Amino acid sequence: MGATRSGEDARDRDEEGRTRSARPRDGLGRPLPYGTAGVERQPEGVVRRPQDSVAEAQALLDAGKPFHAHEVFEDAWKSGPREERGLWRGLAQLAVGLTHAARGNLTGGPRLLGRGAAAVEEWARATGRWRPYGMDLSALADWARRLAAEVEASGAAVDAGAVAPRLR
């Protein structure tokens with residue numbers, strides 16, 4: 001049997017038995033020590049209208065919580081129409097790239113920002129939809145590449161809320 005904490009299985013599990021971390025998290029999704037007050041976690045598996053996903057993700061980005069915005073995009077990716085999965089996956093990569101850049105991951109942050117920029121542009125080229133749900137995918141890709149270059153040049157973490165993109 002695995003390690004226990006207070007006589008319980010140390011691994012928290014969801015309704016399907018998948019392991020979930022019960023540790024509190026900060027605004028960038030980093031685990032905090034047990035007993036520490038963390039940021040409220042984004043519920044997983046929520047099905048939203050695409051416009052609602054964009055609005056909720058924008059509010060989280062503005063609040064400096066790109067890790068949580070990534071969770072919203074991931075829900076849209078998993079629950080939305082198959083033909084939009086590339087869009088939502090690319091947006092999730094942009095949010096994760098911003099998360100890593102804010103955490104000080106000076107290699108992974110720029111790499112993920114570039115990967116997300118390429119993904120949303122690839123989806124837009126394939127579908128001919130450059131402004132889905134009011135988002136300007138070309139401007140988002142430009143934002144991501146500029147931020148990646150800034151992080152690489154400065155060698156410093158960014159303030160996620162201060163550099164958050166405007167999705168619409």
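A nonpolar core is a set of buried Ala, Val, Leu, Ile, Met, Phe, Trp, Tyr and Cys residues joined through side-chain atoms within 4.5 Å. Buried means under 20% relative accessible area, exposed over 50%, and partly exposed in between (1.4 Å probe, protein chains only).

The model is predicted: local features need pLDDT of at least 70, side-chain atom pairs count only at pLDDT 80 or more, and totals for chains, interfaces and linings use all residues. Residues are numbered from 1 along each chain as its sequence is written, and side-chain values use heavy atoms, with hydrogens and water left out.

**Exercise 1. The core**

Find which residues of the largest nonpolar core touch the most other members.

Solution.
- Step 1. The core has 36 residues; Phe73, Trp88, Leu91, Met135, Leu137 and Leu167 touch the most other members.
- Step 2. At least two core residues come from each of α1, α2, α3, α4 (108-127) and α5 (137-154). Helices are DSSP runs of H or I, at least four residues, numbered from the N terminus.
- Step 3. The top contributor is α3, with nine residues.
- Step 4. Now take Phe73. Beyond its neighbours within four places in sequence, Phe73 contacts Ala57, Trp88, Leu91, Ala92, Ala95 and Leu167. Contact means heavy atoms within 4.5 Å.

**Exercise 2. Helix α2**

Check the length of helix α2 (residues 66-79), then decide how far the rest of the structure encloses α2.

Solution.
- Step 1. The expected span is 1.5 Å times one less than the number of residues.
- Step 2. For the 14 residues of α2 that gives 20 Å; the end C-alpha atoms are 20 Å apart, which agrees.
- Step 3. Of these 14 residues, 11 are buried, so α2 is largely enclosed by the rest of the structure.
- Step 4. Among the buried residues are Phe67, Val72 and Phe73. The buried residues of α2 pack against α1 (50-62), α3 (85-103) and α6 (160-163).

**Exercise 3. Salt bridges**

Locate the salt bridge of Glu74 and classify both partners by accessibility.

Solution.
- Step 1. A salt bridge needs a side-chain nitrogen of Lys or Arg within 4 Å of a carboxyl oxygen of Asp or Glu.
- Step 2. Glu74 pairs with Lys78, with the closest N and O atoms 3.5 Å apart.
- Step 3. Both lie in α2, four residues apart, about one turn of the helix.
- Step 4. Glu74 is buried, at 17% relative accessibility. Lys78 is exposed, at 58%.
- Step 5. Elsewhere, shared partners link Arg48, Glu56 and Asp75 into one salt-bridge network. Within it, Arg48 and Glu56 meet at 2.9 Å, N to O.
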